[in-house]
Amino acid sequence: MNQAVLSPEIQGANDSGELSEPVTQRSYWHNFVANNKVGTAALIVLAAILLLATIGPFFMADSNPSDGRDVFASPSREHWLGTDYMARDTWHQIVRGGGSLLVVAAAAAIMSTAISVVFGALAAMIGGKFDATVLTITDVVLTVPPIILLGVLAAFVRLNSAWLLALILAVTGWPTLLLAVRSQVLSLKEREYIEAARMLDLGTTRILFREVLPNMMSYIVINFVSGMTGAIYGQVILYFLGLVSLAGNNWGLMIQQGYAQGALNNRDALWYVMSPIFMICVLQLSLVLISRSLEDVFNPRLRES
Amino acid sequence: MADIANVAPATAMPVEHVQDEAPPWYTRILGSFIFRRVLRAFLTIFFVSTLTFFLIRLLPGSPIEVYINQQISQFGYTYEEARNQAEALYAIDVDKPMFLQYLDYLNNLAHGDLGMSLTASGTSVASIINSRIWWTVFSVGTALLLSFALGALLGMVMAYKRNTWFEGALSGFASITHSIPNYLLAILIIVTFGVRLGWIPFTEMRGATSSGQPVEFSFAFIWDAIYHASLPIAVYVLTTIGGWMLLMKSSTISALEEDFVTAARARGIPEWRVLSFYVGRNAILPLFTQLTISIGFVVGGSLLVEPIFQYEGIGQRLFEAIRRRDYTLLQGIFLMITISVVVANLLADLLYSRLDPRIRSGKN
């Protein structure tokens, strides 16, 4: 009994010990680079995309004038990736079109992760009526066709603000993650150190934030990354269906424009349509690979024979 | 020692139960797992269809407004005249409060009547759904089974050949296809192979069948249907197979570590037998619940792919109905989607509780 009571203290000391932190962190990185060549490559690709989207626009002219002659041109020295249906430079749009997509995706992932972690963990910890209510709401949101939910919300809020768009994506994106967090907490709850903390009567909030969640950080990080991929798909679908205001530069918007301007029947439109699709796919692929490598690092059992 | 201690209470439990419980039959039914689960499924269907009923009407622009404006500007009718005409045409009472419309909808639904389509007047929602849904069930269903079978097979091979170039190549393939959404892959295929290279005659492959091909049980018809469905099927398979492969791989790896596998090997059972009957059968169990859940998404999964390929399934009709705000048709299709998702989840839960008795008794 005594030992059981003592163990959370030891556990806590290990978790938050400031002294050992830098060492473990460096070994994480070392581990990651040594064992995850794919993950490292994906990180580099992601960093390149981030750099392109954040710093790139500073090297571009603000306006993207029409070239007048060449509609859907192939790549040339003037236009690295050719031109669009109004003979505007495609490369220009690619450089300027990533920023908003990434910011919205990250914001949406933060919000949906927060919703699902807080409510999923609370549902598992409290149980009973609260758990049942959360589960029912999750069931309903999971079953409502996401397209219609997105469409209605998007119609209500003038989607000029990136934050509102992120909020809408978060509102539709949380259920699967919540279910995963809930089951994870349900299994963590049975561990001895949580039981001990409960016997010490430390209070649900404290147990949740000091004992349970720190032990789930790896899990939460992985789910944050997959939340981002979900938010990127959601945005592209919204653009594709024309439910978001069609102004500015955005990869999703480029795909919609290509589709609407008959690029699917135009032999020359290949470069214009391919460019944003390629960027989105590479971005998604790097995120998926990173989350898989993180899983490997945090859960070494998967790696060894 | 520990084993004995664990076993003793487990065997004692049922005896205790029999002694102190003799509940009436109705409590047993009301308290049973299956009853609670089915009840929850019904409630979910009810909630979701209510929610979609109102959500659809909150979309900006109603079909009647569109029609009224058109009549006024085209033929110079007064607003009153145009509205009367719209009412006669659309069989919807414009002034009726939304809540009463909802009660009407529920009443009709209770009689199994989904109403008439708003934009294709004179055609019932049920007949539109009936004429379209089977093509989607055929194409998405075939793709689901193909992708499941192939993915499970490849995933198992990946688990056995771990840390070889073969596994690396396959898991690279799985990651890449897994990260491309199906509608983007559809556009990619059309733009590169259809338009640019001209390898795929995709204009000829539009529609569910060639025009003039009667629906009959003949080789020509079946071949024609497969020909027209092949592009959507290819897209569905390519974008879902990666998920099955990775799932089966991790499931097989954990099954390989089980004691009974070691025991079977120790008994000298041939390796192929161990891998197929001992490992494979156990590894594929968790995938079956996942497969059941996926069946629920057969109807709704085709929304963007079918319009791109111009395949005449329910997804293409749904795409049109969203754009033209065909309330009744939208309600009908969403009801189909909701029911299939909820029923599939219910089946998955029941299947799972059959496979794992711990679920049935509730938590703890």
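**Figure 1. Confidence along chain B of the predicted model.** Chain B has an average pLDDT of 78, with 85% of its residues scoring at least 70, where pLDDT is the predictor's confidence in each residue, from 0 to 100. This is a predicted model, in which local features need pLDDT of at least 70 and side-chain atom pairs count only at pLDDT 80 or more, while totals for chains, interfaces and linings use all residues. Residues are numbered from 1 along each chain as its sequence is written, and chains are lettered from A and ligands numbered from 1 in the order in which they are written. The pLDDT stays below 50 over residues 1–19 of chain B, a stretch that has zero contacts in the model beyond near neighbours in sequence; two residues are in contact if their C-beta atoms, placed from the backbone, lie within 7 Å. Where pLDDT is low, the predicted coordinates should not be read in detail. For the complex, the predictor gives an ipTM of 0.74 and a pTM of 0.77.

**Figure 2. The fold of chain B.** Chain B contains 16 helices and zero strands, where helices (H or I, at least four residues) and strands (E, at least two) are DSSP runs, numbered from the N terminus. Of the 364 residues of chain B, 32% count as buried, that is, they have 20 or more other C-beta atoms, placed from the backbone, within 10 Å of their own. Among the contacts in chain B with a separation of 6 or more, 73% are between residues 24 or more positions apart.

**Figure 3. Helix 7 (residues 125–160) and helix 14 (residues 314–324) of chain B.** These two helices of chain B pack at an angle of about 130°, with their axes 7 Å apart; axes are lines fitted to C-alpha atoms, for helices over the stretch in contact, and angles run from 0 to 180 degrees between N-to-C directions. Helix 7 and helix 14 of chain B are therefore oblique to each other, a word for angles that are not under 35 degrees (roughly parallel), over 145 (roughly antiparallel) or 65 to 115 (roughly perpendicular). In helix 7 of chain B, B:Ile128, B:Ile129, B:Arg132, B:Ile133 and B:Thr136 meet B:Ile314, B:Gly315 and B:Arg317 in helix 14 of chain B. By class, this contact has four nonpolar, two polar and two charged residues; Ala, Val, Leu, Ile, Met, Phe, Trp, Tyr, Cys and Pro count as nonpolar, Asp, Glu, Lys and Arg as charged, and the others, Gly among them, as polar.

**Figure 4. The side of chain A that touches chain B.** In the complex, 30 residues of chain A are in contact with 33 residues of chain B. On chain A, helix 6 (128–143), helix 7 (146–156), helix 12 (217–240) and helix 14 (270–298) each supply at least two residues of this side, and helix 14 of chain A gives the most, with ten residues. The side of chain A that touches chain B has 23 nonpolar, five polar and two charged residues.

**Figure 5. Helix 14 of chain A with helix 8 (residues 165–178) of chain B.** The axes of these two helices come within 9 Å and cross at roughly 125°, and that makes helix 14 of chain A oblique to helix 8 of chain B. The contact joins A:Leu285, A:Val288 and A:Leu289 of helix 14 of chain A to B:Ser175, B:Ile176 and B:His178 of helix 8 of chain B.

Methods. A residue is buried if 20 or more other C-beta atoms lie within 10 Å of its own, exposed if 12 or fewer, and partly exposed in between; C-beta atoms are placed from the backbone.
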